[in-house]
Amino acid sequence: MDSLQQRSSTVQEPPGAVPAYRPTPPPAWQPRTDPAPLLPETEPLRVLGTDAVADADPALLLRLYAELVRGRRYNTQATALTKQGRLAVYPSTTGQEASEIAAALALEDRDWLFPSYRDTLAAVARGLDPVQALTLLRGDWHTGYDPREHRIAPLCTPLATQLPHAVGLAHAARLKGDDVVALAMVGDGGTSEGDFHEALNFAAVWQAPVVFLVQNNGFAISVPLAKQTAAPSLAHKAVGYGMPGRLVDGNDAVAVHQVLTEAVARARRGGGPTLVEAITYRIDAHTNADDATRYRAAGEVETWRAHDPILILERELTERGLLDEDGKRAAAEAAETMAADLRERMNADPVLDPMDLFSHVYAEQTAQLREQAAQLRAELEAEGEA
Amino acid sequence: MTTATTGPAADRTAAKAGKPKPATMAQALQRAMRDAMAEDPTVHVMGEDVGTLGGVFRVTDGLAKEFGEDRCTDTPLAEAGILGAAVGMAMYGLRPVVEMQFDAFAYPAFEQLISHVAKMRNRTRGAMPMPIVIRVPYGGGIGGVEHHSDSSEAYYTATPGLHVVTPATVEDAYGLLRAAIASDDPVVFLEPKRLYWSKSDWSPEAPTPVEPIGKAVVRRRGTGATLITYGPSVPVCLEAAEAAQAEGWDLEVVDLRSLVPFDDETVCASVRRTGRAVVVHESAGFGGPGAEIAARVTERCFHHLEAPVLRVAGFDIPYPPPMLERHHLPGVDRVLDAVARLQWEAGS
Ligand SMILES: Cc1ncc(C[n+]2csc(CCOP(=O)(O)OP(=O)(O)O)c2C)c(N)n1
């Protein structure tokens, strides 16, 4: 008590007065001046079925529709190829086509996509050859395309590990003076990984031109969102890192396109990263190896079917007189042509050279690998002779 | 032998004879956790999808139902978090059994494994043991896409403070996992995925006696040479030994079961009998467990050796796509080629 009295006397409080406690921030604290509101919307943003849709460009609506129909057909075709044993595995995005495709279409050609293993459709929407997009899942080669050519990083299997790559690439582009944006995709489960947190933090600290898209499809294999996070939403996670979080209806292609376009523009003009959570649903099982009846009720799936991304867009287009039966047929036929081509090319056995095992381990083959290659060559010759 | 009595026909015969239905390795592992949890309330199972789903390989099937979600827990999707939390739980007296969903998805947890799990006893001068089991499905041969087929044992065996074990039979899957859970030290428990569905007449009602960790076993007697192997390569070596018989080679097969601690006694006794040895594993040969084993055998059995200790391993390449994996994995032919090379003559 003595010392307190002594101290108050040094600041010359009137004798007898109780010193008022006025908490002040520690000296090093600086208020953040970022004017952007960081908190996400309280409800997932929707455009379809609201007045806002009147502002949407009809050409964009029709393009999104055609791409969604094609994406759905891609999903059903790839799933069929799995059943025929043509693909080792296929993680379907049926029900998620809107967020996959509308997000990818918000990018410019010079931008980069960092997809997870599920995001084949986003890659195809950017123009990647449908067969090249499937080599990982067919098992003939890990990545069937040149990432630099398409500006699509390899489809990434270890969850969330591609996110720091997206930050690094976007940062490097900015250092070089290029106005390139990176879009990094991750699932709801992936947001629990350390790499997710580290990527967001780096991106915010460096103000890197990155957009993080979380496709919240309800489950990480069998684990529902409630066991993944206690946050009010995944978009809320942005706030702690100092970047805006946006919440959007992931089945509303127009809303996803709008939010992503804004976030990409913001990143491009130097405004830093954004975290977008798209609320959607995985209609199919995790993969063909998964039994979804173990962890979810059929009724839940049916509810989401009523909110199908193609259905709700089709309804809007029809009501506005932009789409009639002919238009629908044209979109379906274009999708069918793509599917037939995919089927035909996937039904041909890929020509593989086992010697490729040693081709790209190092820039220059080591003596050790040359020796092992010789061993395999001898084995293959012996096999051929037998 | 595990695989001799499998197949639907064998199943039907067994059923007719009133024998127990053959169990798979996955079922034996499940049973080991179940029995351990029933006996000891401090045993907790956790990981991604281990609860409601019962794990992607169904190895934890039914545990959440029987013991509740606090004892068999679906965690958030975060390997570092899972293992890091297990460290804290072990500090407070629990015995966590954690599942890493696939070999290559355990890597985010390496910081916890190497810096804490493996070193805690040593750092605390014995005050704080880490009775944690880290179950890792490993290895190839199931047509998995990339990051689903790594043989990561060399990383684990290179880390002092960890035990590293791997079963090759249904019986051992049960016995070794019970021993691992009972161990007061951390055990990396490598489960050969391509043997998950292998079967035997093992009965959960009369489980195999639990042997302490660290004992190898001779799976096949022979006099001509010793095949030293473990996990997924054990059936390959047994098949090779059968094939070699036709060519006049009588091979002995030693299943290590435990890489750390290493059973020098069983291995060296065998090599001294046969005078020749080949180490077989599917992980990369360079810096792989075979290098260590060949060196140990040479150091201890030099005067008994008729030929250098040879290694048959996976190539020194990242695990290939499934359509090429058969060219990478050491199969019967490669083992037999090595056996032929054992007819080594000094100076040749
Ligand atoms: C680091 C890592 N751990 C575990 C896995 C195994 N795994 C593959 S997909 C998956 C669930 C992913 O869920 P989510 O992130 O929500 O994405 P979704 O599959 O729903 O698109 C898991 C656990 C993995 N690929 N990587």
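The points that follow cover conventions, sheets, cores, aromatic pairs and backbone details.

1. Conventions. This is a predicted model, in which local features need pLDDT of at least 70 and side-chain atom pairs count only at pLDDT 80 or more, while totals for chains, interfaces and linings use all residues. Residues are numbered from 1 along each chain as its sequence is written, chains are lettered from A and ligands numbered from 1 in the order in which they are written, and side-chain values use heavy atoms, with hydrogens and water left out.

2. The five-stranded sheet of chain B. Helices (H or I, at least four residues) and strands (E, at least two) are DSSP runs numbered from the N terminus, and two strands pair if DSSP finds at least two bridges between them. Five strands form an open sheet with mixed pairing, in the order β9-β11-β10-β13-β14 (chain B). Because β9 (217-220) and β14 (310-314) of chain B each have a single partner strand, they stand at the edges, and one side of each is left without a neighbour in the sheet. From one strand to the next, the twist averages 25°. Strand β13 (residues 277-284) of chain B runs parallel to β14(B), joined by four bridges; within this pairing, Val279(B) stands opposite Arg311(B).

3. Helices on that sheet. Contact means heavy atoms within 4.5 Å; axes are lines fitted to C-alpha atoms, for helices over the stretch in contact, and angles run from 0 to 180 degrees between N-to-C directions. Helix α9 (residues 233-246) of chain B packs on the sheet and touches β9, β10 (225-229), β11 (251-255) and β13 of chain B, its direction making about 170° with that of β11(B). Helix α13 (residues 332-341) of chain B also packs on the sheet, where it touches β10, β11, β13 and β14 of chain B; its direction makes about 165° with that of β14(B).

4. Strand β7(B). Buried means under 20% relative accessible area, exposed over 50% and partly exposed in between (1.4 Å probe, protein chains only). Six of the six residues of β7(B) are buried. Val187(B), Phe189(B) and Glu191(B) point one way from the strand, and Val188(B), Leu190(B) and Pro192(B) the other way. In a regular strand the side chains alternate between the two faces of the sheet. Strand β5 (residues 133-138) of chain B runs parallel to β7(B) through six bridges, with Tyr138(B) opposite Pro192(B). Strand β6 (residues 163-165) of chain B is likewise parallel to β7(B), through three bridges, and His163(B) stands opposite Val187(B).

5. Arg194(B). This residue is found in the loop between β7 (187-192) and β8 (199-200) of chain B and is partly exposed, at 25% relative accessibility. Leaving aside neighbours within four places in sequence, Arg194(B) is in contact with residues including Gly140(B), Ile142(B), Pro232(B) and Leu329(B). Its side chain makes a polar contact (a pair of N or O atoms within 3.5 Å; within protein, one must be able to donate a hydrogen and the other to accept it, and residues adjacent in sequence count only if both atoms are side-chain atoms) with the side chain of Glu282(B), at 2.2 Å.

6. Nonpolar cores. A nonpolar core is a set of buried Ala, Val, Leu, Ile, Met, Phe, Trp, Tyr and Cys residues joined through side-chain atoms within 4.5 Å. The largest has 66 residues, of which Tyr74(A), Leu183(A) and Leu260(A) touch the most other members. Helix α10 (residues 253-268) of chain A gives the most to this core, with nine residues. Another core, of 62 residues, lies apart from it and has Cys72(B), Leu195(B), Ala225(B) and Leu238(B) among its members.

7. An aromatic pair. Rings of Phe, Tyr and Trp (its six-membered ring) pair if their centres lie within 6.5 Å; planes under 30 degrees apart count as stacked, over 60 as edge-to-face and the rest as tilted. The count comes to 16 aromatic pairs over all chains. Phe110(B) and Tyr155(B) form an edge-to-face pair, 6.0 Å centre to centre with 75° between the planes. Phe110(B) is buried at 18% relative accessible area, whereas Tyr155(B) is partly exposed at 47%.

8. Backbone details. The peptide bond from Val260(B) to Pro261(B) is cis, with omega near 0°. Asp49(B), a residue other than glycine, has a positive phi near 65° and is buried, with a relative accessible area of 3%.
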